[in-house]
Amino acid sequence: MKRTVMTVLKQWAAVAVAAAAMIALPAAAQAALTCQVNPTKVPITLSYHGAKLTISGQSALNDELVLKISTPPKDAAMKYKGKAAGLFWMKKGTMEFKGVPQVYLVSSTAKLNLILSDAERQQYQLGYDAMGNAVKVEDSKGQPVERKWFDEFIRFKEKEMVYNIQEGTITRKHGENGNAFEVVMDWPYQAAPGVYNVEVFAVNGGKVVDKAATTFEVERTGLIAALSKMAVDQAALYGIMAVAIAMMAGFAVGVIFKKGGGSH
Amino acid sequence: MYMYLPIALTSVNYLVVVGLGLAVGLLSGLFGVGGGFLMTPLLMMIGIPPTIAAATDANQIVAASASGCFSHWRLGNVDIKMGLLLTLGGFAGGAVGVQVIKALLAAGGADFLIKMTYVVMLGVVGIFMFFESLSALKKQKAGTTKEHHAPKAEKKGGFFASLPMQTHFEKSGVTHSALVPLVLGVFVGVLAAIMGVGGGFIMVPVMIYMLRMPMHVVVGTGLFQVLFTCIEVTILQAYSNHTVDFFLALLLLIGSVFGAQIGTALGKKLHGDQLKILLAIIVLVVTVKIVLELVLEPSILLSYAGGH
């Protein structure tokens, strides 16, 4: 009796494993979502003027893709201008933008609002309107301000090249088991040194069905790194060095001109 | 073509920056001003954050004014005694001005005062200098002037002459109480600190019209005073705010030290009144630009907080 029970249990277990394998099989046949970024370290050298960044990977055949490169949300203090005395444009005070990324670059295979439901866009923070719903903007007294200031913030960041949404720009190569995708982008030199999050979302039926993520780092190297470290760690010495070199350069040129242009 | 700036955290075309240095250095050698009132807005236009633009410009002016001052000193155009008194007063005034700004920032409305001080000072100085030198040039054409400042020097007397510590300034050929340049230095220092500039464009007219110094000595002495002010500003900014971008300063000074030499050489070919009218025109153009900025709606209403 005992043995019969064991046999039945074993048979059930075998069935369960087989069923699980069968369910998993189609997904395995269609390549799972992957994502790599190249290079993973972007060095800031003396002649740095941004970089070429390639984000590539595999995705399932019928999924749409959304790529997001961002930093974790932080608070940003911004000065705002308004009219003083009804005539002059002046900085009137400070606004606090609570929970905004420093960099926010999104690209996709199609229009975000056509492939994703509002709720999903909200959850994964895809699109400016989704970000706007999550961000709080307050004046210096902690009172919420009009929505137009968030739009102005987006304009400011877009002008700085660190915010951008490019819909329909991801292209794919079709393969037997899925698609290879590749995005080649001009990484803006305006983006500060730091670690950046790269997320790729596979979208189907208005929902995010898969997600892959990686990171890359933009870091100062060599002379750039040494000088920016010195400016903070040995600030007094840095200041004296800056003044001494400037004075020497000034006097040296003065002397050269004296020799070269004695007729003056 | 591009160079990354470690403190400003941005990349610039170095030819553009060297060119800016050359142009502003030329004005510096020509007029004895630091040129901060021109350079800081120009740097902001190429994407340098305002606080870094102002502090780095001070570093650059150290080089340009050292270069210009050295040349003028050799030409006998630097009144060191006068320069030291003005500088001493300027330091004291600067300290007072910084406190005034701190109090205003706390109370709000600092931006309004800064902008208005700027417009009024530039406007008054520009208009006055323009018409004064214009009439001097006209007289000169009519052949009636020799050195036009000489007769004016005799008019002074009364209050100024009654002050203690009367000193003769040989290089400038004037006699004043030592207190006069000291107090004027304080006055310029306060204004310069409020406006966040070196104050050369106020100091130069003060030397011309209130201290009655001859134009060529004014330029040399102005550079002397600017040199010391900017050494102080650079070290203080680097030490307390970390806002001096040394690479940016290097690029600027490569241009400006040569510009200052060209300016000095050019200045010798021009008459004092011609120099004054040119400076007046530049000051007025900057005034108009600031007024337009105040009246026209800016394209972006936000900016990063920090500095003024």
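Two strands are said to pair when DSSP finds at least two bridges between them. Keep that in mind for what follows. The model is a predicted one.

With that cut-off, strand 5 of chain A pairs with strand 5 of chain B, residues 302-304, because three bridges join them. The two strands run antiparallel. Within this pairing, A:Tyr80 stands opposite B:Leu302.

Now the whole interface. On the chain A side 58 residues are in contact with chain B, and on the chain B side the number is 54. The area buried between the two chains is about 5100 Å², and carbon and sulfur atoms give 72% of it. A:Lys79, A:Trp89 and A:Met90 supply 13% of what chain A buries there, more than any other three residues.

What about polar links? There are 14 residue pairs in polar contact between chain A and chain B, counting pairs with both residues at pLDDT 80 or more. Salt bridges across this interface number zero.

Which element of chain A gives the most to the side that touches chain B? That is helix 7, with 19 residues. By class, this side of chain A has 38 nonpolar, 10 polar and 10 charged residues.

Is A:Ser70 buried or exposed? Its relative accessibility is 7%, so A:Ser70 counts as buried, the cut-off being under 20%. Beyond its neighbours within four places in sequence, A:Ser70 is in contact with residues including A:Pro101, A:Tyr104 and A:Glu199.

How values were computed: Residues numbered from 1 in each chain as written. Chains lettered and ligands numbered in written order. Predicted model: local features only at pLDDT ≥ 70, side-chain atom pairs only at ≥ 80, totals over all residues. Heavy atoms only, no water. Buried < 20%, exposed > 50% of the residue type's maximum accessible area, 1.4 Å probe, protein only. Contact = heavy atoms within 4.5 Å. Buried area = accessible area lost by both parts, 1.4 Å probe. Salt bridge = Lys/Arg side-chain N within 4 Å of Asp/Glu carboxyl O. Polar contact = N/O pair within 3.5 Å; in protein donor to acceptor, adjacent residues only side chain to side chain. Helix = DSSP H or I, 4+ residues; strand = E, 2+ residues; numbered from the N terminus. Nonpolar A, V, L, I, M, F, W, Y, C, P; charged D, E, K, R; others polar.
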